[in-house]
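Biologist: Hi! I'm new to this one, so could you walk me through it?
Modeller: Happy to, let me put it on the screen.
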Amino acid sequence: MIDGLHWLGHDSFRIDGSCVVYVDPWKLPPGAPSADLILVTHEHFDHFSIEDIRKIAVPGTTVVGPQSVASQLAGEEILTVIAVSAGDVVTAGSAVIAAVPAYNVDKYRSPGELFHPREAGGVGYVVDLDGRRIYHAGDTDAIPEMRGVDCDIALVPVGGTYTMTVEEAASACSFLDAALVVPMHYGDIVGRHSDALRFAELCRLPVAILPVDRA
């Protein structure tokens, strides 16, 4: 089920298949495999790193992201850049990518100011590749739109502060249609390995805790 899925730390992943897909590449090591497709959930520095995108970009690499991301990549001439909003579906190589909502409902940087307001345009993605559907939830709380997500593997944040807490993520999985859940968004900046362990105890779905792969 998780063959070819590599957790690169925080909420960064690489999916190896008929094309190589990265989501929110950050802190990549030298020599990381080149990308056919890069998905960026939103513009915060630990999710949108032009430096890391350049490490893995080759002529023909496609980057998909919200307009706030796409507008900053206009000068990267080797890239094909596609701007998306929640609800959009695009095809890049052998992958079909659906952008889905990702936003906060009760995580505030200051009174009345959410870390990830819905109107900022951040997204998650459902990646349909080689007969497997992988849902990357992005930086989000438990939101009603999760009920409509159909996937084989769900990658969900559990670190709290900026995203769902462990308990909130476990509750969200009660209405998420997935065969397997992988916790993310912990171990760097916010969250600890113990959060992933606690999530595995509370979640009603099968959970796989992946080791960080930055080799």
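Modeller: Let's begin with contacts: of those between residues at least 6 apart in sequence, 57% join residues at least 24 apart. Keep in mind that this is a predicted model.
Biologist: Thanks! How many helices and strands does the protein have?
Modeller: There are four helices and 14 strands.
Biologist: And how does its radius of gyration sit against the globule rule?
Modeller: The radius is 16 Å, close to the 17 Å that the rule gives for 215 residues, so the protein is as compact as a globular protein of that length. Along its principal axes, the C-alpha trace spans about 45 × 40 × 30 Å.
Biologist: What share of the residues is buried?
Modeller: Buried residues account for 54% of the 215. As for the surface, the protein exposes about 8,900 Å², and 52% of that comes from carbon and sulfur atoms.
Biologist: Let's turn to sheets. What is the strand order in the one that includes S1?
Modeller: That open sheet has six strands, ordered S1-S2-S3-S4-S5-S6, with mixed pairing.
Biologist: Which strands stand at its edges?
Modeller: Strand S1 (5-7) and strand S6 (80-83) do. Each has a single partner strand, so one side of each is left without a neighbour in the sheet. From one strand to the next, the twist averages 15 degrees.
Biologist: Are S4 and S5 parallel or antiparallel?
Modeller: Parallel: strand S4 (residues 37-39) pairs with strand S5 (residues 62-65) over three bridges. If you want a spot to look at, find Leu-37, which stands opposite Thr-62 in S5.
Biologist: What holds paired strands together in general?
Modeller: Strands of a sheet pair through backbone hydrogen bonds, in either a parallel or an antiparallel way.
Biologist: Got it. What about the sheet with S7 in it, what's the order there?
Modeller: It runs S7-S8-S11-S12-S13-S14, an open sheet of six strands with mixed pairing. Its edge strands are strand S7 (89-92) and strand S14 (180-184), each pairing on one side only. The twist here averages 20 degrees from one strand to the next.
Biologist: How do S11 and S12 run?
Modeller: Strand S11 (residues 123-129) and strand S12 (residues 132-136) run antiparallel and are joined by five bridges.
Biologist: Where do Trp-26 and Phe-45 lie?
Modeller: Trp-26 is in the loop between strand S3 (20-23) and S4, and Phe-45 is in the loop between S4 and helix H1 (50-56), so the pair ties together parts that are 19 residues apart in sequence.
Biologist: Is Trp-26 buried or exposed?
Modeller: Trp-26 counts as buried, because its relative accessibility is 9% and the cut-off for buried is under 20%. Phe-45 is exposed, with a relative accessible area of 58%.
Biologist: What about Phe-115 and Tyr-162?
Modeller: They form an edge-to-face aromatic pair, 4.7 Å centre to centre with 75 degrees between the planes. Phe-115 sits in the loop between strand S10 (113-114) and S11, and Tyr-162 in the loop between strand S13 (153-157) and helix H3 (166-172), so this pair links distant parts of the chain, 47 residues apart.
Biologist: And how accessible are Phe-115 and Tyr-162?
Modeller: Phe-115 counts as buried at 16% relative accessibility, while Tyr-162 is partly exposed with a relative accessible area of 26%.

Note on methods:
Residues are numbered from 1 along each chain as its sequence is written. This is a predicted model: local features need pLDDT of at least 70, side-chain atom pairs count only at pLDDT 80 or more; totals for chains, interfaces and linings use all residues. Side-chain values use heavy atoms; hydrogens and water are left out. Two strands pair if DSSP finds at least two bridges between them. Helices (H or I, at least four residues) and strands (E, at least two) are DSSP runs, numbered from the N terminus. Axes are lines fitted to C-alpha atoms, for helices over the stretch in contact, and angles run from 0 to 180 degrees between N-to-C directions. The radius of gyration is taken over C-alpha atoms; the globule rule is 2.2 Å times the number of residues to the power 0.38. Buried means under 20% relative accessible area, exposed over 50%, partly exposed in between (1.4 Å probe, protein chains only). Contact means heavy atoms within 4.5 Å. Accessible areas come from the Shrake-Rupley method with a 1.4 Å probe; for residues, only the protein chains shown count as cover. Rings of Phe, Tyr and Trp (its six-membered ring) pair if their centres lie within 6.5 Å; planes under 30 degrees apart count as stacked, over 60 as edge-to-face and the rest as tilted.
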